[in-house]
Amino acid sequence: MQSQYNLMMEGVDVKDPKTMESVAFYGKSMGEIIFRGNTLMLGYLENSKPAHEVFKGGWYRTGDLAVRHPDGYIQMKDRARDIIICGGEVISTLEVEAVLEAAVVGKYDEVFGETPCAILKLKEGFGGGVEASSREIIEFCEGTLPGFTVPKVMIFGDLPNPTGKIQKFVLREKANLVGGQE
């Protein structure tokens, strides 16, 4: 996700959350996206404690982590509460997650009527072994979902969304043309 400067905001920056110093504009140093301006809320209704925390230092702290690029663009990397710290290294969950987009539709089944079929668009660089990816995703689902809800078929490719809304009717047709894992 990237953004440009907005005339309606007094200030938008990416700062180190501890020192409140702006991060360097070279796309590597991560900080928190913060902003201030006359279009922000004054606080939370009848609950000033959370407002005091998010407006600490006169800036609205979003909880979103990002880097700044030399051209001024802000690239969001993750939510602060979602990052993983492993041996002192910060891991962005968004950079590790392989699935970019997902949709699940019903696929005709002779015994059950329909079974779940997942249509997945993987992030660039994660599409290597589709069979291994199918197996890994199904195993993950089996560990987190009730058995009857686990998709038995995985289809990899683009999700049709010319208007910004995924067209599930198109995906249902595609799912019913596919016999097994694509």
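The model is predicted. The protein has four helices and 10 strands, and 30% of its 182 residues count as buried.

**Overall architecture**
- Read from the N terminus, the elements follow the order β-β-β-α-β-β-β-β-α-β-β-α-β-α.
- Among contacts with a separation of 6 or more, 52% come from residues 24 or more positions apart.
- The accessible surface amounts to about 12,100 Å², and carbon and sulfur atoms hold 56% of that area.

**Salt bridges**
- Side chains of opposite charge can pair when their charged atoms come close.
- The protein contains five salt bridges.
- One of them joins R61 and E32, with an N to O distance of 3.3 Å. This pair connects strand β4 (residues 60-68) with strand β3 (residues 31-36) across 29 residues, and both R61 and E32 are buried.
- D64 pairs with R79, their closest N and O atoms lying 2.5 Å apart. Here D64 belongs to strand β4 and R79 to strand β5 (residues 74-79). D64 counts as buried because its relative accessibility is 15%, whereas R79, at 22%, counts as partly exposed.
- D158 and K121 meet at 3.4 Å, N to O. D158 lies in the loop between β10 and α4, while K121 lies in strand β9, 37 residues apart. D158 is exposed at 54% relative accessible area, and K121 is partly exposed at 27%.

**Residue T115**
- T115 is located in strand β9, which covers residues 113-122.
- With a relative accessibility of 16%, T115 counts as buried.
- Beyond its neighbours within four places in sequence, T115 contacts V105, G106, K107 and D109.

How values were computed
Residues are numbered from 1 along each chain as its sequence is written. This is a predicted model: local features need pLDDT of at least 70, side-chain atom pairs count only at pLDDT 80 or more; totals for chains, interfaces and linings use all residues. Side-chain values use heavy atoms; hydrogens and water are left out. Helices (H or I, at least four residues) and strands (E, at least two) are DSSP runs, numbered from the N terminus. Buried means under 20% relative accessible area, exposed over 50%, partly exposed in between (1.4 Å probe, protein chains only). Contact means heavy atoms within 4.5 Å. Accessible areas come from the Shrake-Rupley method with a 1.4 Å probe; for residues, only the protein chains shown count as cover. A salt bridge is a side-chain nitrogen of Lys or Arg within 4 Å of a carboxyl oxygen of Asp or Glu.
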